[in-house]
Amino acid sequence: LFDGTYPFYLQQRKSFVFDISTIIVIIVFLTLACSFLIIIPGIRGRVRLYWLIRVLLSLVIGVVIVAVQYTGDWESGWVRANTSYKSFSRALVNADIGLHVGLAGVNITLVGNPVNQVNETISYNEHFAWSFDADYDHSYSEGLEKGLPSPILYLAEKFSSQSPCGVHNQYRISGHYASAALWVAFCTWLISNILFSMPALVYGGYMVLVTGAFMIFSLLSFSTVRKSPMCPIKFGPASLHTGYGGSFWLTLVIGLLCFMIGVTVVTLHFFSLDLLKTFFDLHVDEAEECEDMTEVYVNRRVVNNTP
């Protein structure tokens with residue numbers, strides 16, 4: 001304490017669900033979607049509807065694959081508790097404490113109830129990264145030097161490499177492999193779009209199935225960490241329990257959607273190829289080719305001399 005007040009420090013706040021990278025990804029895909037929507041008036045008939053469905057479904061799958069790698073709610077939990085606010089202080093505050101785990105780190109949120117207590121504004125959101133190019137323990141040490149509130153340091157210590165909980169490497173490695181699987185899914189998504197535009201419809205369907213498979217692999221990789229026992233997180237009588245967050249369930253939904261699209265395309269290829277070609281606007285091209293060959297010129301001299 002300095003003259004009875006806590007030291008002031010500049011806080012680097014970070015959104016626990018969205019960050020700048022996620023916003024950039026969403027803006028890029030929204031720009032692509034708007035560009036395609038501008039083209040729609042130039043497409044004739046019901047082909048316009050089929051084309052719109054194909055484009056929007058593809059963009060939704062792509063933006064989810066990329067965006068969920070930067071979100072921080074693969075696993076999350078909240079608890080409201082009366083807890084100590086600062087070290088070496090007996091002051092208790094009533095606050096909502098949130099834990100949000102992503103693929104690249106953990107976000108810890110502390111919001112007072114009400115926000116203004118003990119002559120301070122209690123609204124914190126701290127990010128601790130554990131990706132391979134980040135040092136989690138160093139971030140935790142910086143938090144100690146800053147004098148972060150005790151609940152944030154208590155939660156952050158649970159995920160440090162020196163913690164008796166021993167979950168740091170498990171979360172770090174599982175998040176790394178989940179992210180790698182999603183990047184492979186993004187590559188196969190690009191290949192599927194190329195195959196659909198060639199067109200090689202059945203192979204595009206196969207690649208959509210592979211995309212869904214790698215998305216499921218990412219979920220399985222992240223789920224492995226849940227099998228290990230987690231240290232209890234208690235704030236007095238209240239306990240903080242975590243569960244799968246929105247990004248996890250969104251990835252699952254899009255992965256199942258990829259399976260459904262892939263199975264539908266492959267099934268139609270073998271049992272109703274005409275319907276599949278109609279949806280991908282291939283019959284129009286064939287009709288135009290036939291219209292270009294309406295007149296045939298025959299050399300009668302050659303025909304008459306033919307034995």
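**Terms and their cut-offs**

Author: One salt bridge is counted by the rule that a side-chain nitrogen of Lys or Arg lies within 4 Å of a carboxyl oxygen of Asp or Glu. This is a predicted model, in which local features need pLDDT of at least 70 and side-chain atom pairs count only at pLDDT 80 or more, while totals for chains, interfaces and linings use all residues. Residues are numbered from 1 along each chain as its sequence is written, and side-chain values use heavy atoms, with hydrogens and water left out.

Reader: What makes the contact of Arg-80 and Asp-96 a salt bridge?

Author: The N to O distance is 2.6 Å, and the limit is 4 Å, so the pair of Arg-80 and Asp-96 qualifies. Arg-80 belongs to strand β1 (residues 75-84) and Asp-96 to strand β2 (residues 92-101), 16 residues apart.

Reader: Why is Asp-96 called buried?

Author: Its relative accessibility is 18%. Buried means under 20% relative accessible area, exposed over 50%, and partly exposed in between (1.4 Å probe, protein chains only); Asp-96 is therefore buried.

Reader: How do you know that Cys-165 and Cys-231 form a disulfide?

Author: Their sulfur atoms are 2.1 Å apart, and a disulfide is a pair of cysteine sulfur atoms within 2.5 Å, so Cys-165 and Cys-231 meet the rule.

Reader: What makes Ile-20 exposed?

Author: Its relative accessible area is 60%, which is over 50%, so Ile-20 counts as exposed.

Conventions: Helix = DSSP H or I, 4+ residues; strand = E, 2+ residues; numbered from the N terminus.
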